[in-house]
There are 2 protein chains.
Amino acid sequence: MQAIAVERGENRPVVVETERPEPATGEALVRTLRVGVDGTDHEVVGGSHGGPPEGDDHLVLGHEAVGVVEDPGGTRFSPGDIVVPTVRRPPNGENEYFARGEPDMAPEGEYHERGIVGKHGFMAEYFTSPEEHLVSIPESIAEIGFLVEPLSVAEKAMELATASRSSFTWEPESALVLGNGSLGLLTLAMLRERSEFDRLYCLGRRDRPDPTIEIIEDLGATYVDSRETPVSEVAAEHEPMDFVFEATGYAKHAFETIEALAPNGVGALLGVPEPWEFDIDGGALHKEFVLHNKALVGSVNSNVRHFEAAAETLADLPGWFFDSLVTGVYDLEEFAAAFDDDDTTIKTAVQFSAYEERR
Amino acid sequence: MQAIAVERGENRPVVVETERPEPATGEALVRTLRVGVDGTDHEVVGGSHGGPPEGDDHLVLGHEAVGVVEDPGGTRFSPGDIVVPTVRRPPNGENEYFARGEPDMAPEGEYHERGIVGKHGFMAEYFTSPEEHLVSIPESIAEIGFLVEPLSVAEKAMELATASRSSFTWEPESALVLGNGSLGLLTLAMLRERSEFDRLYCLGRRDRPDPTIEIIEDLGATYVDSRETPVSEVAAEHEPMDFVFEATGYAKHAFETIEALAPNGVGALLGVPEPWEFDIDGGALHKEFVLHNKALVGSVNSNVRHFEAAAETLADLPGWFFDSLVTGVYDLEEFAAAFDDDDTTIKTAVQFSAYEERR
């Protein structure tokens, strides 16, 4: 079968011929429909993140997949079920994090990530997976099922952030998403689906007309241009934010978030920047943090519960949102276009087989 | 009656003669036993924090009080009950934070703090308080009841920090307290009473022999000298910490805490530093925050629930701890000694009347 991989030492994706995988006991064989491309894929391709399985000369890419169960083996699935695989797998047999269904909380060394580090991904005509790492989704979202994984990351961050405010009465009304990439926009849509947020903001640095600004405004949110209103001035210029969701990977944002927050607010950090030294007024930030009971939570990856929440959210979102967000779905012959990254690209996917409604 | 106050524009505590307060409806009259002195008192005396009630030329000091109900009025208390008052009061009649019993979550402008800002404190022979701001404590801890308020601040921070880890399985084993002042030592004792922490550490910068190091070691904890092992090196030198409690007010500690934490760990920040610019590797800290699901929670003040938890903790602690921690209790005639702050002083209080056991 054909797969999209990056070869060790190279920095571009190529089509490779590989063996169609044989499901082991407890595994299902899945025919791949679509696999999304995100910033992590670009980092893996560029060589700054992740790498092939030990001893392999290439890594099959892709961690945002949706597929159809072809052979359920002995699993709970039926042929034709639409499924999304989770990303982390135990590197050396089971460990405590996987055993309790919380692989997202495993520290470095206790996980591989399919398509990212140590284990082949889903950009192939077929893949296999143990049943506990597959999540059923409704057929209605089969074609956008590759958005379940990225949205699940936002769902987990939301869960962690909300938990951090659970020891007192927290009634958030305002939320700011830092970043108008696909993760930022998915998060904004998720927040819109949650009834508690009356006022949403999304920060970027684009000139109008711009397709992401259109999505932001069509979601009923306010676009904040960071070149005019830096994060540290959002509270004064707009309003203090009960919830801030950082999806830029721009390290200064992590610390400026403290200033953007309202009293008792929480910031969820998701970016993964490189080392970068800069100056902060650490005294003022520390004081503000304490005197107003603020919190920052870092969040990475997600587990089955978050995949299920993401599927529910996606099922509730309007069709126009996906039409605007997904700027390209490419067949294997033109897969390279899915790895383009310019200002007209928001979210892309590679299609391995077309979804056909069940009779 | 006599009270200890600081006069507007002055920076030393003095004894003043004031009217004995008359309890209003819903208030009890309390005869003061003892009132503790802490760093906030020193800041208030020095003029860097808080101030007198509007229109008053002085502020009666003291926010860590314990007393005996002299006249319960129409409240639920009986004469002779041992009570501890909370600190915050609504500045302009009730507001939502006070209405739901969470004055500790009120933002600036929505509270006064007795003995600190906008309202007279408890360093007087008698004080009155609405019943909802009084907490009953067992007679067994009457003499150390002035420790309930400071410990309640640690109990609240612990609650917030624990809540932030409640969306996943968190089984902390190691904890580090930054600061060997009275709040740090009270926190260390609180952590010792909680069964989950197997290994405790407390950081200071004192040479042996030192009374605080003795308390740390008598509590079974490891003393970490920050001049030899900075916070950023604690993880490598000792072990990564599941829980860090910052009680130094040293702003760099707030950010170095991220490095000291174990994966999925949480740091509670309690210090209130002044503005101070310095350099950090914000990129590395941000990345570490995210990839290991770490959290930081700021925490200030406390409410009735935390006072009750603190009273329970104090009742369980061994007598030797208080004998070592409380280095001086001074009558009104020698109150100035309670405001001394040298290396032999850990915790002091002013005694307004002696506790006599009920028949």
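What rotation superposes chain A on chain B, and with how much shift along its axis? In this predicted model, the rotation is 180° with 0.0 Å of shift, and the RMSD is 0.0 Å. That is the relation of a two-fold axis.

To place the axis, select A:Ser164. Its C-alpha lies 1.8 Å from the axis and is the nearest one in chain A.

Next, select the contact residues of both chains: 58 residues from chain A and 58 residues from chain B. The two copies use the same surface, since 100% of the contact residues of chain A recur in chain B. Between them, the chains bury about 4700 Å², with 58% of that area on carbon and sulfur atoms.

Now show the polar atoms across the interface. There are 25 residue pairs in polar contact between chain A and chain B, both residues being at pLDDT 80 or more. The count of salt bridges between the two chains is zero.

Hide chain B and color the side of chain A that touches it by element. Elements that each supply at least two residues include helix H3 (148-164), helix H7 (251-260), strand S16 (261-269) and strand S17 (277-281). Helix H8 (282-291) gives the most, with nine residues. Colored by residue class instead, this side of chain A divides into 28 nonpolar, 14 polar and 16 charged residues.

Bring chain B back and select residues 295-298, which form strand S18 in chain A and in chain B. The two S18 strands pair in the antiparallel sense over three bridges.

Conventions. Residues are numbered from 1 along each chain as its sequence is written. Chains are lettered from A and ligands numbered from 1 in the order in which they are written. This is a predicted model: local features need pLDDT of at least 70, side-chain atom pairs count only at pLDDT 80 or more; totals for chains, interfaces and linings use all residues. Side-chain values use heavy atoms; hydrogens and water are left out. Copies are superposed by least squares on the C-alpha atoms of residues with pLDDT of at least 70 in both. Contact means heavy atoms within 4.5 Å. Buried area is the accessible area (1.4 Å probe) that two parts lose on being put together, summed over both. A salt bridge is a side-chain nitrogen of Lys or Arg within 4 Å of a carboxyl oxygen of Asp or Glu. A polar contact is a pair of N or O atoms within 3.5 Å; within protein, one must be able to donate a hydrogen and the other to accept it, and residues adjacent in sequence count only if both atoms are side-chain atoms. Helices (H or I, at least four residues) and strands (E, at least two) are DSSP runs, numbered from the N terminus. Ala, Val, Leu, Ile, Met, Phe, Trp, Tyr, Cys and Pro count as nonpolar, Asp, Glu, Lys and Arg as charged, and the others, Gly among them, as polar. Two strands pair if DSSP finds at least two bridges between them.
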